[in-house]
Amino acid sequence: MSPWKRRHRLPLTVAGLAALVAPALTVPPALAGTPAKASAARPWDAYNLSPKTRTVRPVAVYNTNGTVTDPSAVLKGGPTRISGNGSYVTLDFGKEVGGIPTLHFAGSDGAQRVGLAFNESSDYVADVVSDSSTGGPRSNDGILYADVNGRTTYTTPARYLRGGFRYLTILLDSAGSVDLDGVSVYFTSAPAMKHPADYANYFYSSDSLLNRIWYAGAYTMQLNTIDPKTGRIWEAPDALWDNTGDVGVGNTILVDGAKRDRTVWPGDLGIEIPTAYAAFHDTVSARNALTTIYQHQKDTGELPYSGPMMNKYGSDTYHLWTLSASYDYYRYTGDRTWLASVWDDYKRGVGYSLAKVDANGLLSITGTGDSVRILTKGENFTANVLLWRVLTTGSELATAEGDTTLAASYASKAAALRTAVNATFWDDSVGAYKYYPDQTIHPLDGNSLAVWYGLADADQAQRISSQLTGDWNDVGTTAPENKGNPGVFSGSMEVNAHFAAGGQAADQAGVDLIRREWGYMLSNPHGTRSTFWEAYRAGETCLFCSRYTSLAHGWATGPTPALSFYVLGVAPDTPGGRTFHFVPHVADLSFTQGRVTTEYGPVDASWRIHKGAYSAKLAAPKGTTGRVGVPALGKRIQVFVNGHLAWNGTQGTAYGAHADGDYVYLEGLHAGHYTIKTKPVGAK
């Protein structure tokens, strides 16, 4: 595919980004996202934000109020004295954390009362109340109080587990004094991982910002992986908060926020499942989330808008997200046992949506709940893309279940739907699809999904990729369907869409958007500088505009799987990864290496461009077969595999080599180690 002329976009270099989000307060270098030390053999470990043990401690004092003597002493196990009613110290963990805090007091001036307040953003620390997480009518969760009398250890009760915060304020609510000499948090996220920092996979490249973003996305997802017995209670409690809600099956599950909602939301799974797989090879949490949703399916076939304890219904799009995400789980695992266990539910779910297909051959939605806005009833483009994907992938699932008749029926319906969608929604004058047939809005989410999932053809995909860049501003992409607000969930879709479109310009757009939007979130001093947000505003007087906004939200982690599956270029092609591909989208990077673990074992890959020549290494596990794409980089090249010629510049000599102009493809690379090198034709 040839590069095309892209729309004008605002230039944003790393230096420009740093200037844009210059901290309003002094941040110690260790808190500013700079990589930690790592071994020379594993330099990517420097970017890993997860704690090495379940015990995490604050690393800095953010601020104090009133009389606080030697405020930093507590960081080293010494006594920090807080004296006088209203005095407090705010401790900074340097990143988002979550779990059960323990405070130790060396002594006190008689019986005293202290309060604990938790905040994700520094914007709300000065209020000395906890962020809002319950979903109730209160604007904040208030303060959790503890009694101190002499030498005292206080551990918060399990119900007051705090899923996501960076800042912990310890307030004296009495007239005497206390000596605080120990603060720690038992990290409860990712309960099935023995060591939270021990990832199954990794990503490392020539761009340190992209490396930071991959790991921040992984860490965000880790904070959104919880014990299902530690979800949000619903209805909201009258006071404080309560995280003893039973939100699903198993002992680990994917939810939509660290601080809140701590509930399974199917739309989020469209991003969360790929992220959990790309970073941790965690598919169990995904299975438990999906199983939970299927267990709450209505007799009509309708699937929940959200899982327990909220148990909301009334969303045709989120209904379809469950069905779509079911394929993602099966693709990563090949779990036939699970598929069989939900197969009847899945088919009823598909039937529920097909019953809403109208005389125009399009899904006409009646359940209008969605991610960040309420949809209008009728022929919604995004919903139709999701239905097309469900029918297309459902045909594969039916084949796996041995139902060839149903597989053919789903495939036929998918083809008819695609024809109807193109006839009704495609706007050739713009090069994108419309949101509704009679609207001029061209939605970010629907157009991104049409490219990412493959409904759009190759030419449409290129045009959509180009059109989407016209909606960028200096801090990210914007969603016309959401009043032009920055797209985070939909932006995760867009990142993947650019790479799926392919070609030099689209690949570069994917990398540029990751740097622009996720670099902004990661470097902004008002965020956690470690996790990605549910939403944000631009060009207004407030960034989040509500302490209820989640600053560690799984649907914002799209760059993590995109960097693994596209930039590194490794992803499974058949269920469980028996076959996989290694097709890098190099953009402007000079090297990338990483790992994607399949059900058969890890696929380790790396590529490098040096003086215009491309080289790569691949290690494939036993039982797998790989397809390799070698970027031509605009040249006529020869390709060598383990020193033997496989492509002579015109035709293949081994591995079924063939070319499409952008890549030379090598087929049938079985288990083993491969070194792949290129040489321009005619070069000595």
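The model on screen is predicted.

**Stop 1: α2 and α12**

Select residues 208-223, helix α2, and residues 504-523, helix α12. Their axes lie 10 Å apart, and the two helices pack at an angle of about 65°. That value falls in the range above, so α2 and α12 are roughly perpendicular to each other. Their crossing is left-handed.

Now show the side chains where they touch. From α2, pick Leu209, Leu210, Arg212, Ile213 and Ala216. From α12, pick Val511, Ile514, Arg515, Trp518, Gly519, Leu522 and Ser523. Colour this contact by class: eight residues are nonpolar, two are polar and two are charged.

**Stop 2: α3 and α5**

Move to another helix pair. Select α3, residues 266-280, and α5, residues 316-333. How do their axes cross? The crossing angle is roughly 15°, and the axes come within 7 Å. Angles under 35 degrees count as roughly parallel, so α3 is roughly parallel to α5. α3 passes α5 in a left-handed crossing.

On the α3 side, the contact uses Pro266, Gly267, Asp268, Leu269, Gly270, Ile273, Pro274 and Tyr277. On the α5 side, look for Tyr318, Trp321, Thr322, Ala325, Asp328, Tyr329 and Tyr332. By class, this contact has 10 nonpolar, three polar and two charged residues.

**Stop 3: two cis peptide bonds**

Stay with α3 and look at the loop between β11 and α3. Asp261 sits in this loop. Zoom in on the bond between Arg260 and Asp261: the peptide is cis, with omega about 15°.

Next, go to the loop between β10 (225-226) and β11 (253-254), and select Glu235. The peptide bond from Trp234 to Glu235 is cis, with omega near 15°.

**Stop 4: α6 and Ala340**

Select helix α6, residues 336-354, and find Ala340 in it. Is Ala340 buried, exposed or partly exposed? Ala340 has 45% relative accessibility, so it counts as partly exposed.

**Stop 5: α8 and Val421**

Select helix α8, residues 404-425, and pick Val421 within it. Val421 is buried, with a relative accessible area of 0%. Which residues does Val421 touch, leaving aside its neighbours within four places in sequence? Show Leu362, Phe381, Asn384, Trp426, Tyr433 and Leu455; Val421 is in contact with each of these.

Keep Leu455 selected. Val421 and Leu455 are 34 residues apart in sequence, with their C-alpha atoms 9.2 Å apart in space.

**Stop 6: helix α9**

Select residues 444-452, helix α9. The buried residues include Leu444, Asp445, Gly446 and Asn447. Ser448, Leu449, Ala450, Val451 and Trp452 are buried too. After α9, click on Gly454, whose phi is positive, near 95°.

**Stop 7: two loop residues with positive phi**

Go to the loop between β15 (476-479) and β16 (485-486), and select Lys483. Lys483 is not a glycine, yet its phi is positive, about 60°. Its relative accessible area is 81%, and Lys483 is exposed.

Then jump to the loop between β23 (644-647) and β24 (658-659), where Tyr655 lies. Tyr655 also has a positive phi, near 55°, and is a residue other than glycine. At 30% relative accessibility, Tyr655 counts as partly exposed.

**Last stop: the disulfide**

How many disulfides does the count give? The count comes to one. Select Cys542 and Cys545, which this disulfide joins, with 1.8 Å from S to S. Turn the view to look along the S-S bond: the angle about it is 90°, and the link is right-handed. Cys542 is partly exposed at 27% relative accessibility. Cys545 is partly exposed as well, at 32%.

Conventions. Residues numbered from 1 in each chain as written. Predicted model: local features only at pLDDT ≥ 70, side-chain atom pairs only at ≥ 80, totals over all residues. Heavy atoms only, no water. Buried < 20%, exposed > 50% of the residue type's maximum accessible area, 1.4 Å probe, protein only. Helix = DSSP H or I, 4+ residues; strand = E, 2+ residues; numbered from the N terminus. Axes fitted to C-alpha atoms, helices over the stretch in contact; angles between N-to-C directions. Parallel < 35°, antiparallel > 145°, perpendicular 65-115°, else oblique. Left-handed = near helix turned anticlockwise from the far one by under 90°. Contact = heavy atoms within 4.5 Å. Nonpolar A, V, L, I, M, F, W, Y, C, P; charged D, E, K, R; others polar. Disulfide = S-S within 2.5 Å.
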